[in-house]
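This report goes through selected local features of one protein model. Please keep the sequence and the structure in view while reading.

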Amino acid sequence: MARVLNFSAGPSALPEAVLKKAAEEMLDWGGTGQSVMEMSHRSKAYESIIKKTEELFRQALKVPEDYHVLFLQGGASLQFHTIPLNFLTKTKKADYIQTGAWSQKAVEEAQRLGDINIVGSSKDKKWSYLPPIANANPDADYFYYCYNNTIEGTQFHQVPQVKAPLITDISSGILSQPFDVSKHAVVFAGAQKNLGPAGVTIVMIKKDFTDRIPEGLPAMLNYKTHIDNASLFNTPPCYSIYIVGLVLQHIQDLGGTDVLFEANRQKAKLLYDFLDNSKYFYSPVEKKDRSLMNVPFLTRVADPEASEAVNKKFVKEAEAAGLVNLAGHRSVGGMRASIYNAITVDGVKKLVDFLKDFEKKNA
Ligand SMILES: Cc1ncc(COP(=O)(O)O)c(C=O)c1O
């Protein structure tokens with residue numbers, strides 16, 4: 001079967017060149033006579049893979065020298081708890097801005113451990129915009145935000161201007177465009193969108209920020225454990241890290257993050273321009289806050305039942321045309337196209353053509 005155009009929000013499409021390289025190396029990585037899946041994580045061969053992956057990652061995101069880079073398990077969701085456990089430790093107060101489902105989950109975890117001040121929320125308008133920041137606490141242990149809201153389709157295009165150290169979840173925005181790590185104390189991302197397969201979460205921590213990690217934390221939940229052991233305290237998600245390395249090599253071969261950004265801008269413009277000019281489809285997200293990676297859209301069909309039926313029809317017909325995973329998140333409905341790095345400009349053109357055709361037939 002021909003490969004489909006996969007607009008999944010995650011796990012999501014990977015560059016075909018990466019999948020081919022992985023297939024080529026499946027039975028014998030680098031003349032070792034073994035698959036990476038079969039290798040000891042303590043072997044010289046695997047050590048070279050994880051080191052190279054870190055090196056490529058640091059280059060791609062321009063991670064400053066004074067940051068640790070960790071490859072961890074437990075998904076981005078585990079970071080929602082690990083962050084306050086390690087860093088909500090001085091004033092035990094932190095600021096969180098609520099911009100959607102993922103920041104909400106982060107708030108819920110943090111509230112188990114300290115005093116959480118909500119400095120803004122866009123819940124009033126179904127998370128369709130980014131709220132202004134009110135009453136930020138300069139003495140907060142940190143200020144937390146979700147850089148790109150995968151489900152709702154909003155993105156911080158500017159780093160929040162606050163005094164407290166910044167922590168961000170960049171899972172669905174990582175390597176989509178240049179990003180200033182140096183303005184943050186902690187940055188983390190699950191790999192399964194722009195970086196590789198599920199199973200590994202990359203966490204960057206400014207070295208001097210680790211001073212505030214308290215004694216006595218469970219080993220696996222203590223960032224120091226993973227820093228001291230270069231992400232090899234226990235068996236890491238070896239194969240996922242290896243694929244992340246292949247993705248990063250591919251990004252480097254293409255010309256780096258700036259080249260991806262240019263293509264991502266073009267892709268987003270194609271899709272948003274279509275939605276803004278359509279009489280049938282529209283984007284519910286405020287223009288200035290729109291995500292470059294996740295584009296939710298709806299039809300103007302007013303009757304809820306008829307609208308739901310149209311959404312289902314759209315998703316079904318799109319799938320038959322080889323455009324898959326276009327249903328909106330179950331919590332918001334409608335449709336959503338995630339146009340991560342592995343989706344090409346040509347792929348988005350095909351989607352827009354399909355949208356035009358669907359509009360013509362159904363409007
Ligand atoms: C922005 C964001 N944060 C966190 C998560 C949760 O990631 P995980 O499933 O790796 O825990 C997701 C998953 O889609 C996400 O999009």
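## Position of Glu16

In which helix is the place of Glu16? Glu16 belongs to helix H1, which covers residues 16-24. The model is a predicted one. With a relative accessibility of 41%, Glu16 counts as partly exposed, because the partly exposed class lies between the buried limit of 20% and the exposed limit of 50%.

Glu16 can also be placed relative to Tyr223. The two residues are 207 residues apart in sequence, and their C-alpha atoms are 34 Å apart in space.

## Aromatic pairs and the cluster

The count of aromatic pairs comes to 20. One of them is formed by Tyr280 and Phe358. The ring centres of Tyr280 and Phe358 are 6.4 Å apart and the ring planes stand at 45°, so this pair is tilted. Tyr280 lies in the loop between helix H7 (257-277) and strand E11 (281-282), whereas Phe358 lies in helix H9 (residues 345-362), so the pair ties together parts that are 78 residues apart in sequence.

Are Tyr280 and Phe358 buried or exposed? Tyr280 has a relative accessible area of 7% and is buried. Phe358, at 2% relative accessibility, also counts as buried. Both residues belong to one aromatic cluster, whose members are Phe274, Tyr280, Phe281, Phe297, Phe314, Phe354 and Phe358.

## Charges over rings

Two residues with a charged end over an aromatic ring are described here. The charged end of Lys125 sits over the ring of Tyr129, at 5.6 Å from the ring centre.

## Helix packing

Helix H3 (residues 75-87) packs against helix H4 (residues 101-111) at an angle of about 40°, with 8 Å between the axes. H3 and H4 are therefore oblique to each other. The crossing of H3 past H4 is right-handed. On the H3 side the contact is made by Ser77, Phe80, His81 and Pro84; on the H4 side it is made by Trp102, Lys105, Ala106, Glu109 and Ala110.

How are H7 and H9 arranged relative to each other? The axes of H7 and H9 cross at roughly 5° and come within 9 Å. H7 and H9 are therefore roughly parallel to each other. H7 contributes Ala263, Gln266, Lys267, Leu270, Leu271 and Phe274 to the contact. The residues of H9 in this contact are Val345, Val348, Lys349, Leu351, Val352, Leu355, Lys356 and Glu359.

## Backbone exceptions

Most residues other than glycine have a negative phi, and most peptide bonds are trans. The residues below depart from this pattern.

Gly10 and Pro11 are joined by a cis peptide bond, with omega about -10°. Pro11 is placed in the loop between strand E1 (5-6) and H1. Asn135, a residue other than glycine, has a positive phi near 55°. Asn135 is in the loop between strand E4 (115-121) and strand E5 (143-146), and at 68% relative accessibility it counts as exposed. Ala230 is not a glycine either, yet its phi is positive, at about 45°. The loop that holds Ala230 runs between helix H5 (223-228) and helix H6 (238-254). With 52% relative accessibility, Ala230 counts as exposed.

Key. Residues are numbered from 1 along each chain as its sequence is written. This is a predicted model: local features need pLDDT of at least 70, side-chain atom pairs count only at pLDDT 80 or more; totals for chains, interfaces and linings use all residues. Side-chain values use heavy atoms; hydrogens and water are left out. Rings of Phe, Tyr and Trp (its six-membered ring) pair if their centres lie within 6.5 Å; planes under 30 degrees apart count as stacked, over 60 as edge-to-face and the rest as tilted. Helices (H or I, at least four residues) and strands (E, at least two) are DSSP runs, numbered from the N terminus. Buried means under 20% relative accessible area, exposed over 50%, partly exposed in between (1.4 Å probe, protein chains only). A charge sits over a ring if NZ of Lys or CZ of Arg is within 6 Å of the ring centre and within 35 degrees of the ring normal. Axes are lines fitted to C-alpha atoms, for helices over the stretch in contact, and angles run from 0 to 180 degrees between N-to-C directions. Angles under 35 degrees count as roughly parallel, over 145 as roughly antiparallel, 65 to 115 as roughly perpendicular and the rest as oblique. A crossing is left-handed if the near helix is turned anticlockwise from the far one by less than a right angle, and right-handed if clockwise. Contact means heavy atoms within 4.5 Å.
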